[in-house]
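Here is a short report on one protein chain.

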Amino acid sequence: RNHRGGPEQNNTKAPGRCGSLAMAAPDAHRDKRAKAGPVLYPMDEPLLRKCDALMKNLAKKSQAVHFLRPVDWKKMGLVDYPKLIKHPMDIGTVSERLGKNHYARLEDFANETRLIWKNAFIFNAPDSLYFKAAKSLSDAFEKAMEKMEAEAEAVSALQVDTMERCNILLADIQANPLAEWFLDPVDHVALGLTDYTQVITQPMDLSTIGRKLQRAQYLSPEDFAHDTRLVFQNAITYNSAQSMFGVVAGILASSFDRRYTLITQAAAIDPGRPMPDRPGWPTFAQKKKLYDLCTKLSLADLNQMVQMVQKGCQAAVQQCGHKEVEVDVDELDMDTFNKVLGFVGGKTSSKVKADQ
């Protein structure tokens, strides 16, 4: 099948990036985000019982008859099944693994269950009985997950920074089997999607979001959420909500919004505060102003700005691969900062006048 679902990275559109330059946002939080984090929603005994009850309830639904046991593709003559479905899964197998304490986290259990629906989406057309049955069960499953996540959050919310929770959420979305088509930029040339760049004006994908999180390029959780929603909206826009990619994108979008709402509403989470301003160094407000202005520069002006920083404050420039450098505004000394701000301000002011 042709992949017409995911977004593509576009360096000239993404905030904070243009061509070969990656601007590192001012450090709005107390420390850099760590890759490893605490365990969210561990599978304790009460949660295990709830998951077991959920699977039993799903198994009782009429649509579940197709998914209770492994697909006997040989008996059914489905010779293409093992070629298309690399990770078979069924309700009975998930229930059995629950009984053996196989899952360390609620999300581990959820992702193996989602494999059942994913496999049905891949192998069957959207208007088929099996596709519709899988979608109905997926909706019921995600609704139950919403309740369990809210209850788990109320019992043991993580005492971590909001942006760390965003890191955890992104990792969970990437691990979701339904996210397979949205992990990397769409290679629209290789896929022959000749109209992709005309339809999708601001491509985005989960790996690009991960790099921006790692480099602290999001100034707020809302910026992170905007990019993540864009991934799924692009798929729906390009393929339609009724297509396989559109259906999957809709499920992921709802799952993301559910988890993101818990992050923003969790009263126990410390949202983080800007670092105290250092005497003799640019303030956070000044750094944010520079960062925002840099997102409006052309590629040529960005390259010229990088050269200025390299001459005045080499410590603020880091090489990221062969063709990309990163300017960390937190490392700019006051003299270099003022020169760069004056240059950037002049360029953006000229651009505004030219556009009027």
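## The model

This is a predicted model, in which local features need pLDDT of at least 70 and side-chain atom pairs count only at pLDDT 80 or more, while totals for chains, interfaces and linings use all residues. Residues are numbered from 1 along each chain as its sequence is written, and side-chain values use heavy atoms, with hydrogens and water left out.

## The chain as a whole

The chain holds 14 helices and 4 strands. Both are DSSP runs, numbered from the N terminus: helices are H or I with at least four residues, strands are E with at least two. Of the 356 residues, 48% are buried. Buried means under 20% relative accessible area, exposed means over 50%, and partly exposed lies in between (1.4 Å probe, protein chains only).

A contact means heavy atoms within 4.5 Å. Take the contacts between residues at least 6 apart in sequence: 78% of them join residues at least 24 apart.

## Helix α10

Helix α10 has 19 residues. From first C-alpha to last it reaches 28 Å, close to the 27 Å expected at 1.5 Å a residue. That expected span is 1.5 Å times one less than the number of residues. Buried positions in α10 include P221, F224, L230, V231, F232 and Y238. The helix's buried residues pack against α7 (162-175), α8 (196-199), α9 (206-214) and α11 (244-265).

Now look at the end of the helix. N239 belongs to α10, which covers residues 221-239. Is N239 buried or exposed? N239 is buried, at 13% relative accessible area. A polar atom of the N239 side chain lies 2.7 Å from the backbone oxygen of A235. S240 follows α10 and has a positive phi, near 90°.

## Salt bridges between elements

The structure holds 19 salt bridges. A salt bridge is a side-chain nitrogen of Lys or Arg within 4 Å of a carboxyl oxygen of Asp or Glu. Side chains of opposite charge can pair when their charged atoms come close. E151 pairs with K50, with the closest N and O atoms 2.7 Å apart. E151 sits in helix α6 (residues 129-155) and K50 in helix α1 (residues 45-59), so this bridge ties together parts that are 101 residues apart in sequence. E151 is partly exposed at 28% relative accessibility. K50 is also partly exposed, at 36%.

K118 and E180 form another bridge, 2.5 Å from N to O. K118 is in helix α5 (residues 106-123) and E180 is in the loop between α7 and α8, so the pair ties together parts 62 residues apart in sequence. K118 is buried at 10% relative accessibility, whereas E180 is partly exposed at 43%.

## A buried pair and a network

Which residue does D227 meet in a salt bridge? D227 meets K212, at 2.9 Å from N to O. D227 lies in helix α10 and K212 in helix α9, so the pair ties together parts 15 residues apart in sequence. Both residues, D227 and K212, are buried.

Salt bridges also form a network. Its members are R105, E107, R114, E142, E149, D172, R258 and R259.

How values were computed: Polar contact = N/O pair within 3.5 Å; in protein donor to acceptor, adjacent residues only side chain to side chain.
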